[in-house]
Amino acid sequence: MAQGTVQVTHTGTSRWRRRTGEYASLAAALEAAADGDILTVSPGTYRENLVLRRAVTLRGAEGSAGSVRIAPADGVPLTVRASATVQDLHVEGQDATAPALLVEDGAPELTDLRIVTRSAAGIEVRGEARPTVRRCTVDNPAGVGIGVLDGAGGVFEECEVVAAGQSGVSVRGGAHPRLERCRVHHASGSGLSVTGEGSSLEALGCEVYEIKGAGMQVASRATAHLTDSRVHRTSSDGITLDTDAVLTLADCDIHDVPENAVDLRSRSVLTLTRSTVRRFGRNGLSVWDPGTRVDANQCEIHDSTGDYPAVWVSDGATAVLDSCRVHDVPDALFVLDRGSRADVVDSDLTQVRNTAVSVSDGATAQLDDCRIREASTGAWFRDHGSGGTLSNCTIDGAQTGVIVTKGADPSIERCTVTNPAEAGFYVSAEGRGTFHGCRVSGSGGYGFHVMDGCRTTLTRCRTERCARGGYEYPEEGTAVEDCTSDESGVRATPPVTAPVVATATQSPGLLSMIPGQRTAGPEPAAAPASAPGPGPAARTSDAVLGELDALVGLESVKREVRTLTNMIEVGRRRQEAGLKAASVRRHLVFTGSPGTGKTTVARLYGEILASLGVLERGHLVEVSRVDLVGEHIGSTAIRTQEAFERARGGVLFIDEAYALSPEDSGRDFGREAIDTLVKLMEDHRDAVVVIVAGYTAEMERFLSVNPGVASRFSRTITFSDYVPEELLHIVEQQAEEHEYRLADGTAEALGKYFTALPKGPAFGNGRTARQTFESMVERHAGRVAELAEPSTDDLSLLYPEDLPELP
């Protein structure tokens with residue numbers, strides 16, 4: 001057969017047709033062919049637009065796979081409108097507006113085709129077509145790889161989309177194809193896209209990867225079913241569902257995703273069975289909006305690469321986890337917003353760096369027969385309206401077992417907390433909660449620790465081997481019934497007709513068997529080496545103000561402090577005279593660069609208030625973010641309260657306070673310190689004066705993003721940078737204090753030195769002046785050490801050459 005010819009073999013039964021024939025073009029051969037004919041195409045390039053209208057077989061010659069190229073200059077290279085068979089062809093599209101292979105009708109079989117194009121679609125299936133496509137490859141970096149639309153269907157077996165400028169596989173308009181053992185990769189849109197009411201996709205044993213977008217997108221009432229499939233290495237979410245979408249995943253693996261592994265919104269429904277979600281950058285499961293729901297059974301979610309919860313449920317959505325494992329993640333489950341709900345049954349939450357279960361903003365979580373291990377916080381019910389039930393759960397090796405704060409009201413039943421580093425159950429900031437039949441053993445702190453202002457109920461609880469005691473709760477608000485501790489060795493009061501409820505006001509019965517209750521405020525934590533002593537020696541306000549006046553510079557600061565002092569003093573005298581005194585808020589904001597005397601002024605301010613009888617002790621407790629924010633979110637409130645207690649009767653000075661609220665503070669733990677601090681300042685407004693300090697711009701931002709903090713402070717005092725003359729004065733004071741003198745010309749040299757000194761972020765103001773003096777002393781020592789018999793002047797005079805080099 002000659003090059004470029006087509007041989008037609010008739011396989012029908014009619015004796016009137018020719019058995020074979022050769023044609024110079026494919027179009028002519030197709031025109032002459034009848035149903036059942038086989039068209040064998042010789043190797044070559046055919047610049048024709050082919051349309052198959054009959055049930056013929058169109059194939060390349062045996063042994064020459066891929067040698068037949070259908071490559072017209074424009075239009076659709078190959079259109080199939082019948083139940084034909086096409087195999088072993090190379091189809092090339094040149095028209096950006098047309099598909100390379102268009103299937104419009106029938107149930108054709110397309111086998112071993114390679115479609116290379118830069119067009120709207122590589123393969124497009126429309127209408128009533130139901131093709132079977134086997135081992136075909138689509139390379140279309142300009143458009144859709146495979147498009148199935150307008151009610152079409154078909155089966156795609158062992159096919160591969162090697163490149164797509166848009167979606168790898170697009171299903172819309174009520175289409176419903178099936179993919180078996182297919183691969184889709186290097187698509188610039190979604191790997192698989194299913195959209196529109198009635199549209200559906202079924203995929204078995206498929207793989208989607210290297211996608212510049214979502215691995216799979218199901219939207220607008222479409223449905224999809226994936227079985228034994230993998231989605232990985234995407235540039236955004238692994239799978240997204242939106243607007244009443246329905247997706248079922250069975251025995252699937254979603255991994256190596258930089259964003260959410262699966263993101264659902266707008267009443268979408270996801271069912272996962274025996275599937276794995278791993279190595280994701282944001283949430284493993286992200287579930288949003290009322291009516292949106294996830295049901296996961298026998299699934300595993302693990303190895304987060306980011307700093308976000310593994311399962312996120314918000315805005316009224318629902319998640320159900322049954323017999324699942326979540327491990328090696330920052331947080332396991334976050335449930336937020338009223339109407340949101342999570343039900344977790346017979347599941348394991350382990351190796352969680354922060355909080356295993358967090359419930360906030362009115363959400364609800366119910367955990368039954370679950371196991372939480374190696375988490376910083378087992379479960380945290382955060383605020384008013386948030387609650388749910390923990391039943392028959394165990395929490396082992398956590399920093400804190402369960403935390404309840406800010407009016408949250410969960411029910412905790414028959415739960416066991418073993419070996420917590422801090423409290424087993426911790427309730428603070430007006431938290432509530434009911435604890436029934438719970439047990440704590442091996443706690444590094446208290447078993448049950450309930451702070452002032454909380455209303456909780458403890459019944460039939462038990463503590464064992466708790467380092468600080470089994471129970472710590474306030475005098476009022478906590479109802480305790482039939483609880484025991486190994487410290488008593490005796491069960492609670494014997495049964496009586498009416499339930500016995502013990503509170504801190506009762507002396508007989510239960511309270512005699514539980515470690516002693518708090519009577520005069522919380523027991524302070526073990527004080528660090530820097531903890532304050534009994535307070536500064538009492539001095540009069542005039543003496544302290546005299547020390548303030550002796551400081552170099554700071555004229556505006558001195559005026560502000562004197563103004564406050566005068567207002568407080570006059571207010572005290574008015575009260576003594578039986579007159580009303582103006583309310584003076586004593587909490588302050590100090591702004592300015594480092595080394596401008598903020599800490600020194602804070603110390604003197606505390607002494608002044610103590611001398612006026614406003615504060616009991618007037619001592620200064622200086623802290624920063626590291627002292628208030630724990631290594632895990634569960635201990636932040638505890639650390640902040642302990643710092644506040646150390647400052648009781650004095651001044652709590654928070655340096656670089658803006659670090660508690662960084663600009664990107666969506667999940668920053670410092671927010672807990674701020675909330676706890678604001679609550680303490682309100683509840684104990686006369687016990688502690690709080691001063692927050694930091695750079696001017698950063699503190700302005702800090703106050704603007706935290707109006708609750710800003711409202712607690714009476715005024716801002718700005719500490720200006722020292723001018724060269726003031727820096728020189730500090731050096732002169734240092735020299736006099738250490739018995740040095742400035743030689744002739746040294747003061748002038750220092751003035752020029754401080755004028756030329758860069759005033760960038762590293763400039764330390766007074767600290768820089770003191771460091772300059774220390775450097776001069778070191779250089780002086782090196783110079784004088786070489787003298788055999790130095791004079792008194794040699795030992796005390798500092799010369800211009802002793803100045804350090806400018807940085």
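This is a predicted model: local features need pLDDT of at least 70, side-chain atom pairs count only at pLDDT 80 or more; totals for chains, interfaces and linings use all residues.
**Exercise 1.** Classify the ring pair formed by Phe-435 and Phe-448, and state which parts of the chain the pair ties together.

*Solution.* Begin with the total, which comes to 10 aromatic pairs. For the rings of Phe-435 and Phe-448, the centres are 6.2 Å apart and the planes stand at 80 degrees, so the pair is edge-to-face, because planes over 60 degrees apart count as such. Finally, consider accessibility, where both Phe-435 and Phe-448 are found to be buried.

**Exercise 2.** Decide whether the rings of Phe-448 and Tyr-471 are stacked or edge-to-face, and find the cluster to which these residues belong.

*Solution.* The ring centres of Phe-448 and Tyr-471 lie 5.4 Å apart with their planes at 5 degrees, and since planes under 30 degrees apart count as stacked, this pair is stacked. The pair links distant parts of the chain, for Phe-448 is in strand β54 while Tyr-471 is in strand β57 (residues 469-472), 23 residues apart. Both Phe-448 and Tyr-471 are buried.

**Exercise 3.** Identify the rings over which Arg-282 and Arg-382 lie.

*Solution.* Taking Arg-282 to begin with, this residue lies over the face of Tyr-308, at 4.2 Å from the ring centre. Turning to Arg-382, its charged end sits over the ring of Trp-380, 4.0 Å from the centre of that ring.

Key. Residues are numbered from 1 along each chain as its sequence is written. Side-chain values use heavy atoms; hydrogens and water are left out. Rings of Phe, Tyr and Trp (its six-membered ring) pair if their centres lie within 6.5 Å; planes under 30 degrees apart count as stacked, over 60 as edge-to-face and the rest as tilted. Helices (H or I, at least four residues) and strands (E, at least two) are DSSP runs, numbered from the N terminus. Buried means under 20% relative accessible area, exposed over 50%, partly exposed in between (1.4 Å probe, protein chains only). A charge sits over a ring if NZ of Lys or CZ of Arg is within 6 Å of the ring centre and within 35 degrees of the ring normal.
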